[in-house]
Amino acid sequence: MVVAIVHSGHDAGSLNVSGDAAMLPPPSLFKGVIDNTSSIAASLGNGGFGIDSAAYFVLVLASIQWLLIIISHCVLQRRYVKPRPFVSRPSEHYPRVTIIRPMKGVDMDMYQTLESSFQQAYPSDIEILFAVEDPEDPAIEIANKLIKKYPKIQAHVLIGQDNVGTNPKINNMIKAFARAQNDLLWICDSNIYTDPGTLRRSVDLLLDNKRLGVVHHVVFSESPKTFGAMLDHALLVTNHCRMYLAINAVGIASCLMGKSNLYYKSALESAGGLESFGQYLAEDNMIGQALWQAGWGHAMTGDIAYQPADIGTFAEYCSRHIRWIRTRKYNVTFATLYEPLTESIVLGSLTAWALNHLYSFNAYLVFGTFLLSWFAMDMMFFYRINRRSAPDWFWFVLSWGCRELLAFPLWAIAIAGNTVVWRGRKFRFHLNGTVKVVT
């Protein structure tokens with residue numbers, strides 16, 4: 001799950017709330033949270049934070065989490081089930097866009113993912129820059145085939161690396177960032193496929209609101225072929241996806257994943273340029289925070305960044321998610337420490353204990369009901385946001401259950417360490433979130 005909760009004193013946080021106000025739950029849904037908070041206050045006044053207070057506090061956290069789940073379903077209905085239509089405006093009003101595609105090696109279904117940039121139904125000119133480090137990288141051949149297939153689109157392969165930091169993705173993209181001829185940049189990972197209308201709808205948002213600095217797209221995994229890929233798929237299309245939608249709808253802070261994002265080059269340059277984020281592995285999160293704190297708002301369209309489920313083994317799944325959690329620990333510490341309380345088994349167990357302690361409810365019945373309700377909401381969410389072919393439901397349900405069971409152990413392992421391995425290199429984190437290469 002991607003969570004980036006960093007409070008900012010700027011007014012930019014109100015941008016997403018106003019955009020999604022029509023789909024947020026009514027104030028009455030907050031009543032349970034308020035009532036429980038009052039009970040905690042009363043208990044604290046009568047003798048400190050004891051067991052009763054802890055139980056009430058758990059119920060507050062559970063109420064908040066269920067509220068976020070409801071918000072995610074409201075966003076899903078408003079934005080994804082009924083996607084935003086194109087805005088009717090003259091084609092000359094659309095600015096030119098540079099699409100940057102960083103590449104390293106051949107990704108799963110790479111020809112199709114890269115081709116989606118050439119197939120954008122955009123009224124103005126686009127420039128596509130493929131950035132790669134190694135002149136022998138096999139991805140170059142795929143990019144050149146597409147450049148030859150679409151001669152009317154200005155596209156180039158840029159080879160080389162500028163060592164501006166320890167983040168290899170930033171080092172790879174610097175040359176494309178400097179070469180880009182347009183102020184509007186769409187940075188899109190090489191393993192991401194987007195629908196043809198994605199760019200136009202994204203630019204429509206930027207043109208409609210001059211205070212927006214980022215338009216981003218939720219990531220949706222598809223076509224898992226192995227058990228490890230199924231676990232990754234189960235995470236990305238349920239817990240991660242709905243939390244990403246809910247946090248961005250509430251809009252109290254930056255929450256950004258760097259798979260498919262539109263930025264203004266001038267805004268990034270005012271924040272120090274891409275090179276200033278080269279010392280972080282979570283450059284997407286740090287860019288989002290920098291723009292947020294500078295007063296630039298974030299917004300999302302109803303478009304999806306499709307990522308082929310490319311994990312091969314169970315060990316690869318565990319390694320990837322330990323790396324993600326460990327990276328977040330040093331960039332958004334409080335949110336990462338809070339993560340287990342957003343997971344069904346941990347929160348369900350605590351809720352069962354709290355209701356048993358306070359009201360003598362059967363703890364096993366409460367836990368079972370909690371887990372089944374959570375499962376039902378996840379399945380409903382996935383069914384409604386999925387625009388592709390239906391999965392093998394037996395394997396999907398099995399992988400969902402295994403993913404839920406693994407969530408806390410993987411989190412605990414990640415919290416205990418301070419190094420990660422990414423693309424064959426080992427990095428060690430400093431307390432301020434920066435990294436250094438170990439090997």
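R403 is buried, at 4% relative accessibility, where buried means under 20% relative accessible area, exposed over 50%, and partly exposed in between, with a 1.4 Å probe and protein chains only. The side chains of R403 and E343 meet in a salt bridge, with 2.9 Å from N to O; by salt bridge I mean a side-chain nitrogen of Lys or Arg within 4 Å of a carboxyl oxygen of Asp or Glu. This pair links distant parts of the chain, 60 residues apart: R403 sits in helix α15 (residues 393-416), and E343 in the loop between α12 (333-338) and α13 (344-359). Helices (H or I, at least four residues) and strands (E, at least two) are DSSP runs, numbered from the N terminus.

A word on the model. It is a predicted model, in which local features need pLDDT of at least 70 and side-chain atom pairs count only at pLDDT 80 or more, while totals for chains, interfaces and linings use all residues. Residues are numbered from 1 along each chain as its sequence is written, and side-chain values use heavy atoms, with hydrogens and water left out.

How many salt bridges does a search of the whole structure find? The search finds 15. In general, side chains of opposite charge can pair when their charged atoms come close. One of the pairs is D310 with R320, at 3.2 Å from N to O. D310 lies in the loop between β7 (297-308) and α11, and R320 in helix α11, 10 residues apart. D310 is partly exposed at 29% relative accessibility, whereas R320 is buried at 16%.

E141 and K145 form another salt bridge, their closest N and O atoms being 3.8 Å apart. These two residues are separated by about one helical turn, because they are four residues apart in helix α5 (residues 139-149). K145 is partly exposed, with a relative accessible area of 48%. Salt bridges also link K169, D189, K259 and E283 in a network.

I turn now to the largest pocket. A pocket is an open set of points on a 1 Å grid over the protein atoms alone, where a 1.4 Å probe fits, with protein on both sides within 12 Å along at least five of seven lines; lining residues have an atom within 4 Å of a point. The largest pocket has a volume of about 1,100 Å³, a volume being the space filled by probe spheres set on the points. Its lining comprises 39 residues, and those nearest the centre are K259, R320, R323, W324 and W422.

Which helix gives the most to this lining? It is α11, with eight residues. The elements that each supply at least two lining residues include α6 (168-179), α10 (283-293) and β8 (419-422). By class, the lining has 15 nonpolar, 10 polar and 14 charged residues.

Two further buried residues deserve mention. I187, in strand β4 (residues 184-188), is buried at 5% relative accessibility. Leaving out residues up to four places away in sequence, I187 touches I100, M173, K259, S260, N261 and Y263, contact meaning heavy atoms within 4.5 Å. The C-alpha atoms of I187 and T98 are separated by 8.5 Å, although the residues are 89 apart along the chain.

T336, in helix α12, is buried at 0% relative accessible area. Beyond its neighbours within four places in sequence, T336 contacts I325, R328, K329, W411 and I415.

Definitions and conventions. Ala, Val, Leu, Ile, Met, Phe, Trp, Tyr, Cys and Pro count as nonpolar, Asp, Glu, Lys and Arg as charged, and the others, Gly among them, as polar.
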